[in-house]
Amino acid sequence: MYVITRKKPLLSALLATALILLLAGCGSSSTPKPAADGKAAAVKEVKIGAIYPMTGVQGVTGLELMRGVELAVEIVNNEYPDLALPMAKGKGLTNLGGAKIVLVAGDHQASPEKGMSEAERLITQEKVTALMGCYGSAVTNTASQVAERNGIPFLNADSTSPSLIARNYQWFFRTTPDDDMFAENFFVFLDDLKAKKLITDPKLAILYENTLFGTDVGKAETRSAKAHKYNIVSDIAYPAKSTNVGSEVQKLKASGADIVLQASYASDAILYMKTYKDLDYNPAAILAMDAGFIDDAYLKGAGKDGYYILSREVWALDLAKAKPIVEKVNKMFKDKHGVNMTGNVSRAFTGLLVLADAINRAGSTAPAAVQKALLATDIPPDQLIMPWKGIKFDPKTHQNILGQGIIVQIQENGEYVTVWPWNLASKEIIWPMPKWNARK
Amino acid sequence: MSFDIMLGQTIVTGLLWGAIYTLTALGLTVIYGIVNIVNFAHGDFLMISMFLAYVLSIAVGFSPLQSLPFVVAALFLLGIVTYRLLIKPVLNAPMLAQIFATFGLMVFLRGLAQFIFGIDFRTIPTALQATRLDIGGIFISTPQLIAAIGAVVMFAAVYFFITKTRTGWALLAVAENREAATLMGIDSNKMFALAWGIGAACVGVAGCLLANFYYVFPEVGAIFGFLTFIVVAFGGFGSITGAFAAGLIIGLIEALAGFLLDPSYKYSIVFTVYLLVVIFRPKGLLGSA
């Protein structure tokens, strides 16, 4: 055995270990910049802090979310009489003398610790009126703790862990339906497939990344599966930052599951699709808990290998058929960024509008007044670009009780089309998904 | 499908990934073995080489394999430039200063890639990507097989170069005793620069082979860099054969632990094995004290 001379081996090894741990927590940083310019110095400003993963592995998603929030700020701060949206008619926050909303961004790099320190910074140094964020449920969890401690309203538009509202926080509000609701939706969907005779008694596999988001989804799906009497043959949690997922896919194959219920972020979603193909795994369906699968990066990375998956969604562009407002807002977004809105964008967009509407009704930036106004929120469905029955918060949990999900499928040309509920569907579902060797 | 085939597939997958780990580890261990500096920017060298392959594919339509010679040459230069500008000044500085130098380089390179390319995931579409072999029900993806073969060839080449050529002996002499080697007329600076060049060139090969089937994004170095350090420490810092064996073993442990036990513990098991090695054999599998 050949060895090059070396010195201080133990010290080096230990030092390396310490630094690797540091490495794991240390992404590259970027300077957060205020997203809107606060040039209207004569008018009062209302600062809202938006904490998203602007860099790091979830950076793509963070930028998307930020764009959604920015578009909403644009609509609130200017006059759009044609748009039937909250806060579109007047200029700025009309009840606060037309005050403009100024966004202050925070970058949490998908790290719960950073989310916490960013929340701390935005509240104590930037003196924000309210906070928004943080996408990753684990980060939302820590950042909203800071808001709770400081008595600052925290509006969460995009984290779906059921445990977030189980805390019954005073200052935490969530507009998006949570994974309990979505998991339940899955099984109503499967029941509907049974009624259509597309499936009889499918074997299910539950596959999820092992941070808060994935594990909560896994639990919710297991509960719903039991309630609806479905057979789970495999339950796999995997590390969120894997280089390869060969063994996970082997486990899936070994289980003989027909339908995979999957919860992944973008990088792992891409990795899984490639590995499914490499190992020729052909389930009838992959039923994804959105996140990575509806991320802008997903199809860019997976290409055609990413087609035909089903995903629960909060939103889809083809909802425009039933709601013209969707088309109008999407056009504004597309003119600016050259791409269509996604579920992530539309949820963040809606979140900011809800917050602005509440601050406006409160007529004050005092936290208690905003909190009271949020509790009194009642936005009808026709003022939303979401497929919800409206927005109304549960007085105790502060969860929007009028939210509901849809199921989309990626079909030809990589379009996400609504396939369920049947009455909102814009295209027929493709079932089962084509086998790998039958795809071109 | 039978359990045997499943297990066979898992072992094959593990070994194929292990080969990739060995290749990223090779460069790191060469640099450490000769210059005695741990390059924390190593994973980001990998990222740079993948992006170079990506740029070449966009600009002139090269597949990553066609880009390989150019990327390797570029990385060789990058290694030498890094040595001249960054490492040489801290060569005799305390270890902490050396670590901060390469750590800073890591942050810089990652930021630079993010600045130029944004944070999207990119893939380089090639005809090879979709192909695979089917051997008795065990699938081997062709680009991964090519990567594994490339790893073995690269290992043999570097091993041969260092142990069988005059320049290689000079490298070893400098590693053994810098002062004595200088007295014998060997330019230690040149040798250190060469070691950095070779180390970076190894990652150039790894990057091209990896870009053939893996997506490219600014954080990719973090994901692979992490396992690379484990592999190098496991195999023994500076040990070339150790890095080879350790890479394959880590790949296997990862795959088998994921398949036979629980995927969410696969890295914990890799870590446990690593810690046991560090505790009971601090010099690593094949390192010498």
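Q: Which residues of α5(B) are buried?
A: Here's the general idea: an α-helix has 3.6 residues a turn, so residues three or four places apart point the same way. In this predicted model, the buried residues of α5(B) include B:Q144, B:A147, B:A148, B:A151, B:M154, B:F155, B:V158 and B:I162. B:T142, B:P143, B:G150 and B:T163 are buried too.

Q: At what angle do the axes of α6(B) and α8(B) cross?
A: Angles from 65 to 115 degrees count as roughly perpendicular. The axes of α6(B), residues 166–176, and α8(B), residues 188–211, cross at roughly 110° and come within 9 Å, so these two helices are roughly perpendicular to each other.

Q: Which residues meet there?
A: From α6(B) you've got B:T167, B:A170, B:L171 and B:V174, and they meet B:S188, B:M191, B:F192, B:L194, B:A195 and B:I198 of α8(B). By class, that contact has 8 nonpolar, 2 polar and no charged residues.

Q: Which residues touch the most other members of the largest nonpolar core?
A: Out of its 134 residues, those are A:Y276, A:Y298, B:Y214 and B:F224. The biggest contribution to this core comes from α8(B), with 17 residues. Take B:F224: beyond its neighbours within four places in sequence, its contacts include A:T243 of chain A, plus B:W17, B:L210 and B:Y214. There's also a second, separate core of 94 residues, with A:V46, A:L65, A:L319 and A:I406 among them.

Notes. Residues numbered from 1 in each chain as written. Chains lettered and ligands numbered in written order. Predicted model: local features only at pLDDT ≥ 70, side-chain atom pairs only at ≥ 80, totals over all residues. Heavy atoms only, no water. Axes fitted to C-alpha atoms, helices over the stretch in contact; angles between N-to-C directions. Helix = DSSP H or I, 4+ residues; strand = E, 2+ residues; numbered from the N terminus. Parallel < 35°, antiparallel > 145°, perpendicular 65-115°, else oblique. Contact = heavy atoms within 4.5 Å. Nonpolar A, V, L, I, M, F, W, Y, C, P; charged D, E, K, R; others polar. Core = buried A, V, L, I, M, F, W, Y, C linked by side-chain atoms within 4.5 Å. Buried < 20%, exposed > 50% of the residue type's maximum accessible area, 1.4 Å probe, protein only.
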